[in-house]
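Reader: I am new to this structure and would like to learn how to read it. Please take the features one by one.

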Amino acid sequence: MRQFPLEMHQVAPGRVVEWRLRSTAAAEPDGPGDTAGRKASFNQDKHFTVAEESRAADDPVASWIAVTFEVAGRLDEPALAQALLAFVQRHEVLRCAFRRLAGELACEPFSPAELALEAEYVGSFETSELLRGFLVERFTRSIDTLSWPLFTMGAVLREDSATVYLAFDHIVCDGMSMPIVVHEVLTAYESLCRGEAGELPTVAPSYLDFADEQRRRYLSIDARDERLDYWKEFIARGGEFFPRFPLDLGVEPGRMYPIVNEASVLLDAGEAEVFEKTCLTVGGKPFMGVLASVAVCLREAGGPGVYRGLMPVSERGREGWADSVGWFVNTMPIEFDVSPGRDFAQVMAAVRAGFSEMIGHIDVPFVRAWELLAPQEFAARSWPYPVNFFSYIDMRKCQGAERHEEWRPATHVWSARANGACSWFQRDADGLHMNSLYVDTAAARRTMGDFQEALRLTVQEIARSGGFRRPVALTAPRRPVGTPLDVAAFARRG
């Protein structure tokens, strides 16, 4: 399972059916109800606030997270509808409508019993190109942070197979939720097709409980709280709350840009195995090896000898939320020495030390630290400038990974505009992959194209020789970013 642009997905054409979620209650949730006391998490509140302010300024933001997966054989439409409904009923955050109550963002969940799905035939598409265009437009048009429901569900039906899709607003999920979606929907579907009862509990641990606990612990803290000392020291050394992306992207202050969304393969399956063993040999983990490689490439391209960046960290393992859908992500600053002349083992030791220090101070939610320590920037609708950001997920460790070859799941992210660059790295059974979203400027295309190629050469060199045996070059021949050959080659691998 990997993440790449929906435009790169080779979805076979077919007949499209969608299932619309509706409430069977007498009225929509426009009053406090019995659960008015449930409050959103800090991530959700900031996300919703940005959507409100953007709408008020007639400058609406748009983004979504989607997952697609395959069903072999002729689709049993009633069984899939039942599996989808059970999935929504199981996760309370998916049943929520959000609204302001006395200035705070309240989560008002529907009762599972009052939800129903209605099937709707959308149309038939004769080519993959037309189908992909429809899906991109459909997700963009249907996902609205300020409107319920906050996701869309459908399938592309063919005589001998189907492609199922679900697209979500970020307010109800994160990237690690996508494997849960695939596993739960397909497990329930297959059980129903066999005439068996579902294997999953009726209700999963709720993200709303996580949000309640988070707010109780951190809403009352102020900027003097000692739990913010790690952040304060990070800011003092760098001079800013947000660590800057150190390469030129050609952006103007205060301006947002259309994005480039692209993906590539860094290592094949065999190379990734060798890369992992090399990292373990020097006392590190594969994600540390990728981060070390990123830091070296940024430095060789003109960045500083100290890597400073933001890194999302999952909070699912802290209280048993492993099987729950929600936005269980904290974002933390990480810093380590990547001075010239250090070999792979030395850089890895620095990454390991920096990561250990970061994990030791992971308590305070990112949004709360942002609000307390950079209040002027917190008032803005976006990060203030291009920020150095690194994310890594090993999809082989996700729920249902043993069947990913059969189900062929894929994650797709999209955003209308940005003012910087974000890169996500995924490891799966087929290798190591990279997905980047960045501003569509001439400078950014050059910079990110060179950076991606340098990073590919670096991780391949580590797999071949066990370290940084030769200087990282940013002038190696490469195909132009986003060429049809790149798209076709990537699609064939997945």
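Author: We begin with disulfides, each a pair of cysteine sulfur atoms within 2.5 Å. By this rule the count here is 0 disulfides. Cys 96 is in none, as its nearest cysteine sulfur, that of Cys 107, is 5.0 Å away. Cys 173 is in no disulfide either, the nearest cysteine sulfur being that of Cys 96, 13 Å away. This is a predicted model, in which local features need pLDDT of at least 70 and side-chain atom pairs count only at pLDDT 80 or more, while totals for chains, interfaces and linings use all residues. Residues are numbered from 1 along each chain as its sequence is written, and side-chain values use heavy atoms, with hydrogens and water left out.

Reader: Is Cys 96 buried or exposed? And Cys 173, buried or exposed?

Author: Buried means under 20% relative accessible area, exposed over 50%, and partly exposed in between (1.4 Å probe, protein chains only). Cys 96 is buried, at 1%, and Cys 173 is buried too, at 0%.

Reader: Which strands make up the open sheet, and in what order?

Author: Strands of a sheet pair through backbone hydrogen bonds, either parallel or antiparallel. Strands (E, at least two residues) and helices (H or I, at least four) are DSSP runs numbered from the N terminus, and two strands pair if DSSP finds at least two bridges between them. The open sheet here has 5 strands in the order β12-β15-β16-β9-β14, with mixed pairing. Its edge strands, β12 and β14 (417-418), each pair on one side only. Strand β9 (residues 257-268) runs antiparallel to β14 and is joined to β14 by 2 bridges. Tyr 257 stands opposite Ala 418 in β14.

Reader: Which helix lies across β9, β15 and β16?

Author: Contact means heavy atoms within 4.5 Å; axes are lines fitted to C-alpha atoms, for helices over the stretch in contact, and angles run from 0 to 180 degrees between N-to-C directions. Helix α7 (residues 269-281) lies across these three strands, at about 80° to β9. Helix α8 (residues 286-300) also packs on the sheet, touching β12, β15 and β16, and its direction makes about 150° with that of β12.

Reader: Where is Asp 394, and what does its side chain join?

Author: A polar contact is a pair of N or O atoms within 3.5 Å; within protein, one must be able to donate a hydrogen and the other to accept it, and residues adjacent in sequence count only if both atoms are side-chain atoms. Asp 394 is in strand β12 (residues 390-394) and is buried, at 12% relative accessible area. Its side chain makes a polar contact of 2.7 Å with that of Arg 396.
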